[in-house]
Amino acid sequence: MLKYRDLGAILFLIATFCNSEAQNVLRLGDIEINQGEKSAELLVELSNQSLITGFQCDLYLPEGVEVASDEYGDYLISLERTTAKRHTISTMMQSDCSLRILCTSMTNLTFTGNEGVVLRISLDISDISAGKYSLQLKNIVLSDPEANRYESPEAVSHLFCNSQVQNVLRLGDIEINQG
């Protein structure tokens, strides 16, 4: 028979588990560019209460935006809060045109700190119209040194493409934009 103290202990464990899940998350930063710009940088941030050794996620970009690559076809994604000796990045294009990103540590080392940028992703931008575009991380899973799994909610940010100003007339401190 369950007693009140047993029920209290069970509720405490559930609350602790739910709380830790919500506090191990990946987020995306917003990007602002002017129409005609051909590149940008997308920041992926990790906020972690637990020690995190690695993560996996799928990156969805709008039409006209791609992850930049070097002359060998390798995506230009750099690590933060760690070093290349501690963590590695693997990527694979998925059938739904998302880019799966896997960041792992073969030596089970954790990211430093509990908050901040973990990835810098270079983006190539083709001719896109002025407007607001969604960037998403889905299927986010983080792992700790004991191989515990933490699912993070989907991360959504935006790329804001400002229209290109054609003509600017300056009268002292006053600017008149046309275009």
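The model is predicted, with local features needing pLDDT of at least 70 and side-chain atom pairs counting only at pLDDT 80 or more, while totals for chains, interfaces and linings use all residues. Residues are numbered from 1 along each chain as its sequence is written, and side-chain values use heavy atoms, leaving out hydrogens and water.

Student: How many helices and strands does the chain have?
Tutor: Helices (H or I, at least four residues) and strands (E, at least two) are DSSP runs, numbered from the N terminus. On that basis the secondary structure comes to one helix and 14 strands.

Student: What share of the residues in the chain is buried?
Tutor: Buried means under 20% relative accessible area, with a 1.4 Å probe and protein chains only. The chain has 179 residues, and the buried share is 34%.

Student: Which element gives the largest share of the lining of the largest pocket?
Tutor: A pocket is an open set of points on a 1 Å grid over the protein atoms alone, where a 1.4 Å probe fits, with protein on both sides within 12 Å along at least five of seven lines; lining residues have an atom within 4 Å of a point. The lining includes Tyr60, Val65, Glu66, Val67 and Met93. Strand E4 (54–60) and strand E5 (65–67) are the elements that give two or more residues to it. The largest share, three residues, comes from E5.

Student: How many residues of the lining of the largest pocket are nonpolar?
Tutor: Ala, Val, Leu, Ile, Met, Phe, Trp, Tyr, Cys and Pro count as nonpolar, Asp, Glu, Lys and Arg as charged, and the others, Gly among them, as polar. The lining has two charged residues and one polar residue, and the number of nonpolar ones is nine.

Student: Which residue in E10 stands opposite tyrosine 60?
Tutor: Two strands pair if DSSP finds at least two bridges between them. E4 and strand E10 (residues 131–143) pair in the antiparallel sense over six bridges. In E10, the residue opposite tyrosine 60 is glutamine 136.

Student: How many bridges does E10 have with E12?
Tutor: Leucine 137 stands opposite alanine 155 in E12. E10 and strand E12 (residues 155–162) pair in the antiparallel sense, and the number of bridges is seven.

Student: Which residue in the turn between E10 and E11 has a positive phi?
Tutor: E10 and strand E11 (residues 149–152) run antiparallel, joined by four bridges. The two strands form a hairpin with five residues between them. The turn residue with a positive phi, about 65 degrees, is alanine 147.

Technical notes. Buried < 20%, exposed > 50% of the residue type's maximum accessible area, 1.4 Å probe, protein only.
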